[in-house]
Amino acid sequence: MGNGVGNGIALGPVFHIIGILLTILGLGMLVPALADAAVGNSDWTAFVGSSAATLAVSGGMVLATSSKEHARFTVKQHFLLTTLSWCVLATFGALPFMISAAHLSFTDAYYEAMSGLSTTGGTVIVGLDDAPPGVLLWRSLLNWFGGVGIIVMAIAVLPILRVGGMQLFRTESSDKGDKPFATVQDTAGAIAMIYLALTILSAVAYHLAGMTWFDAINHAMASIATGGFSTKDASLGWFDSHAVLWVATFSMISGALPLTWYIRLLRGQRNAPVFGDSQVNALLAILLVAGVAMTLWAFAVVGLPFRDALSHSAVNVTSIITGTGFVSTDYSTWGSFAVVAFFFFYFIGGCTGSTAGSIKVFRWQVLALSMLNQMQRMLKPNRVLVPLYQGKVLDEDVVGSVINLAFAFMAAFGILSLLVAAMGVDYLSAASAVASALANAGPGLGPVVGPSGTMAPLPDAAKWVLSFAMLLGRLEVFTVLVLILPSFWRD
């Protein structure tokens with residue numbers, strides 16, 4: 001491996017960590033191989049071959065960079081590592097889709113892998129009902145790894161190499177530096193245990209609701225990761241069960257809450273808000289209001305029976321707001337109100353420090369406080385006003401960074417939507433597909449890419465744009481865009 005790019009960035013440490021992450025991914029490929037072998041499906045060879053190729057490359061990367069100096073891991077290296085690792089992992093994660101029974105092209109396979117790792121949930125695969133278990137399990141594992149698994153493992157490894165794991169975690173997960181433990185290792189271990197426990201509880205609940213264990217495990221991984229990959233073309237609608245819809249609703253909500261919130265809850269920390277956590281309460285309030293409004297619309301206007309209106313509204317509203325991507329029915333046929341509402345739901349998101357994507361509730365709260373503060377200044381220009389969040393003063397840097405992120409997010413949405421539309425895609429499909437990709441929220445709207453469709457009909461060029469949009473959304477826009485600055489590559 002080269003020692004650096006230009007004069008400023010040593011690549012050895014970056015490729016060393018990527019090699020470790022690839023090793024985890026390669027070992028993960030053996031799980032669907034075992035699933036296929038257990039039912040006598042020949043696809044197990046595709047996963048073993050993909051695993052061997054991935055482990056060969058990862059082993060070479062680790063060995064080739066093992067003698068590099070890792071103690072001086074710079075901020076630029078962190079940015080490069082975060083973005084490059086997602087691109088490389090998606091590339092190797094695409095291998096099983098290409099050589100297994102799915103037989104996807106590289107473009108489609110890369111889109112599917114990026115959708116899984118970014119926990120978006122959009123798909124180009126048709127025929128999931130009859131797909132071999134290995135392919136289905138690999139999609140769910142990509143969701144699960146992408147949610148937090150690989151990142152937590154990286155946090156546990158990085159301190160050993162003295163490269164500051166918490167900084168990488170904050171860059172990827174949008175956590176506000178909420179560390180319930182003194183060391184990165186302890187925090188990573190606690191988060192991993194919480195994540196695993198939530199997945200197990202969700203799987204048990206799905207099984208009790210009527211799913212087979214295989215479907216329950218797959219949907220649990222996708223729910224807690226807010227990833228949205230299902231084992232069925234019709235997603236949750238295939239099961240035709242109100243119990244399944246409500247299990248999915250609560251599972252998605254649990255994945256959209258900050259992972260450290262559960263740690264504080266279990267430890268009973270008195271110096272940290274638990275039930276008084278502002279963004280948690282705000283998310284629950286948004287879900288409640290939006291769910292009630294959509295239920296009333298589906299019942300009074302669309303004409304669904306009240307029980308159906310309630311269940312379908314709850315699960316689909318929760319799915320899009322938390323950026324999961326499950327669907328239970330084609331809500332884009334519910335009329336203009338529903339289409340517009342679901343379009344705006346893309347931009348809300350879950351809590352910071354969770355597996356959810358989009359702008360996120362905390363940032364919307366900061367923007368609202370900043371706007372209110374500005375209006376108060378207009379009424380009393382000479383009064384010194386300081387925005388408060390949970391009784392604490394909001395730092396101007398925090399407010400500024402939130403405003404910049406929101407602007408960059410919306411600018412990216414506008415530019416990428418125009419780009420996809422220029423490829424011949426209709427406006428609703430282009431705008432909703434880009435919005436769902438940036439928000440990591442799964443399906444778009446309309447008959448082509450909506451809840452009853454897939455991204456398969458889109459041109460290959462559009463799929464690459466959407467893959468880039470998923471990367472932008474998952475890594476909070478600036479983490480990726482900073483790499484295009486000429487100054488990034490100079491001292």
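Are D277 and R264 buried or exposed? D277 is buried, and R264 is buried as well. The legends below walk through this predicted model view by view.

Figure 1. Let us start with the overall picture. The secondary structure of the protein chain comes to 21 helices and 2 strands. Of the 491 residues in the chain, 58% are buried. When contacts between residues at least 6 apart in sequence are considered, 72% of them join residues at least 24 apart. Helix α1, spanning residues 12-28, has 17 residues. From its first C-alpha to its last, α1 reaches 24 Å, close to the 24 Å expected at 1.5 Å a residue. Because 15 of its 17 residues are buried, α1 is largely enclosed by the rest of the structure.

**Figure 2. D277 and R264 joined by a salt bridge.** Here is the pair from the opening question. The side chains of D277 and R264 meet in a salt bridge, at 2.9 Å from N to O. R264 belongs to helix α12 (259-267), while D277 lies in the loop between α12 and α13 (278-302), so the pair ties together parts that are 13 residues apart in sequence. Both partners have buried positions.

**Figure 3. The salt-bridge network around K463.** A search of the whole structure finds 6 salt bridges, and this view shows D108, D460 and K463, which are linked in a network. The closest N and O atoms of D108 and K463 are 2.7 Å apart. D108 sits in helix α6 (residues 106-117) and K463 in helix α20 (residues 460-474), so their pairing ties together parts that are 355 residues apart in sequence. D108 and K463 are both buried. D460 also forms a salt bridge with K463, with the closest N and O atoms 3.8 Å apart. D460 and K463 are 3 residues apart in helix α20, which separates them by about one helical turn. How does the surface exposure of these two residues look? D460 counts as partly exposed because its relative accessibility is 41%. K463, with a relative accessible area of 3%, is buried.

Figure 4. The model contains 21 aromatic pairs. In the pair W144 and F145, the ring centres are 6.2 Å apart and the planes stand at 55 degrees, so the pair is tilted. Both of these residues, W144 and F145, are buried. For F362 and Y389, the ring centres are 5.1 Å apart and the planes are at 85 degrees, so this pair is edge-to-face. F362 lies in helix α16 (residues 361-379) and Y389 in strand β1 (residues 388-389), so the contact ties together parts that are 27 residues apart in sequence. Like W144 and F145, F362 and Y389 are buried.

**Figure 5. An aromatic cluster.** Which residues do ring pairs link into a cluster? The members are F343, F344, Y346, F347, F409 and F413.

**Figure 6. Charges over aromatic rings.** The charged end of R139 sits over the ring of F229, at 4.0 Å from its centre. K232 lies over the face of W238, and its distance from the ring centre is 4.0 Å.

**Figure 7. The surroundings of L304.** L304 is placed in the loop between α13 and α14 (306-321). Leaving aside residues up to four places away in sequence, L304 touches A298, F299, A309 and W334. With a relative accessible area of 23%, L304 is partly exposed.

Figure 8. How many disulfides does the structure hold? The count is 0. C87 is partly exposed, its relative accessible area being 23%. C351 is buried, with a relative accessible area of 0%.

Definitions and conventions:
Residues are numbered from 1 along each chain as its sequence is written. This is a predicted model: local features need pLDDT of at least 70, side-chain atom pairs count only at pLDDT 80 or more; totals for chains, interfaces and linings use all residues. Side-chain values use heavy atoms; hydrogens and water are left out. Rings of Phe, Tyr and Trp (its six-membered ring) pair if their centres lie within 6.5 Å; planes under 30 degrees apart count as stacked, over 60 as edge-to-face and the rest as tilted. Buried means under 20% relative accessible area, exposed over 50%, partly exposed in between (1.4 Å probe, protein chains only). Helices (H or I, at least four residues) and strands (E, at least two) are DSSP runs, numbered from the N terminus. A charge sits over a ring if NZ of Lys or CZ of Arg is within 6 Å of the ring centre and within 35 degrees of the ring normal. A salt bridge is a side-chain nitrogen of Lys or Arg within 4 Å of a carboxyl oxygen of Asp or Glu. A disulfide is a pair of cysteine sulfur atoms within 2.5 Å. The expected span of a helix is 1.5 Å times one less than its number of residues. Contact means heavy atoms within 4.5 Å.
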